[in-house]
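Good morning, and thank you for coming. Please look at the sequence and the structure as I display them.

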Amino acid sequence: MERRLYFLFGDLVSNAGVGALVGLVVAVLVGETWFPVLGMVVGMIAGGGVALPAAVVLSVPFGAMELMLPVMLTGMTSGMLLGMLAAMGATSSGSAGALGAIVGLVVLAATYVLNAYVRASHRPGMGC
C-alpha cells in the first residue's frame with residue numbers, strides 16, 4: 001500500500017465516498033418488506049455495480065493496484081450490510097450514507113493492516 005499523503009488521502013476519500021454512495025443506492029433499492037437475505041444479495045450486486053465504475057475512474061489519479069481491492073470490497077461489504085439493514089427497517093436513507101462511509105473506512109483500515117501483516121511475514125529470513 002502507498003504511504004505518500006496524496007495517495008492516502010485518495011484511499012480515504014475513495015472508500016468513504018464509494019461506501020456512502022452504495023449506502024444511498026441500496027437504501028433506495030431495498031424496501032422494508034424484503035427478506036434480509038434477498039436485501040443482502042441485491043445490496044452486494046448493487047455495491048459491485050457502483051464500485052466498479054468508481055474504481056475505474058478513481059484509479060486514474062490514485063493508482064489502480066492500490067485502489068481497486070479496497071474500493072470493490074467496500075462496495076460489496078457496505079452493500080451487503082446496508083441491504084440487510086434496509087430490509088429489516090433498521091436504517092433510513094439519511095443514515096445509510098454515513099454508515100456506508102464508515103464501512104468503507106473500516107474496510108480500508110482492515111486492508112492496510114492485512115497488507116502490513118503479509119509484508120512482514122514474507123520478509124527475507126522469516127522462514128516462509
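Let me begin with a term: contact here means heavy atoms within 4.5 Å. Please also keep in mind that this is a predicted model.

Two packed helices are described by the angle between their axes and the distance between the axes. Helix α1 covers residues 5–29 and helix α4 covers residues 93–121; their axes come within 7 Å and cross at roughly 140 degrees. That makes α1 oblique to α4, and the crossing is right-handed.

Which residues in α1 and α4 meet? On the α1 side they include Leu8, Asp11, Leu12, Gly19 and Ala27. On the α4 side they include Ser93, Gly100, Leu105, Leu108 and Tyr112. By class, the contact of α1 with α4 has eleven nonpolar, seven polar and one charged residues.

Next, helix α2. This helix runs over residues 36–62 and bends by about 30 degrees at Val56. Among the buried residues of α2 are Gly39, Gly43, Ala46, Val50, Ser59 and Phe62. What covers the buried residues of α2? The cover includes α1 and α3, the latter spanning residues 64–87. After α2 comes Gly63, with a positive phi near 95 degrees.

Finally, consider Leu73, which lies in helix α3. Is Leu73 buried or partly exposed? Buried would require a relative accessible area under 20%. Leu73 has 37%, and is therefore partly exposed. From C-alpha to C-alpha, Leu73 and Trp34 are 24 Å apart in space, and they are 39 residues apart in sequence.

Thank you for your attention.

Terms used: Residues are numbered from 1 along each chain as its sequence is written. This is a predicted model: local features need pLDDT of at least 70, side-chain atom pairs count only at pLDDT 80 or more; totals for chains, interfaces and linings use all residues. Side-chain values use heavy atoms; hydrogens and water are left out. Axes are lines fitted to C-alpha atoms, for helices over the stretch in contact, and angles run from 0 to 180 degrees between N-to-C directions. Helices (H or I, at least four residues) and strands (E, at least two) are DSSP runs, numbered from the N terminus. Angles under 35 degrees count as roughly parallel, over 145 as roughly antiparallel, 65 to 115 as roughly perpendicular and the rest as oblique. A crossing is left-handed if the near helix is turned anticlockwise from the far one by less than a right angle, and right-handed if clockwise. Ala, Val, Leu, Ile, Met, Phe, Trp, Tyr, Cys and Pro count as nonpolar, Asp, Glu, Lys and Arg as charged, and the others, Gly among them, as polar. The bend at a residue is the angle between axes fitted to the seven residues ending there and the seven starting there. Buried means under 20% relative accessible area, exposed over 50%, partly exposed in between (1.4 Å probe, protein chains only).
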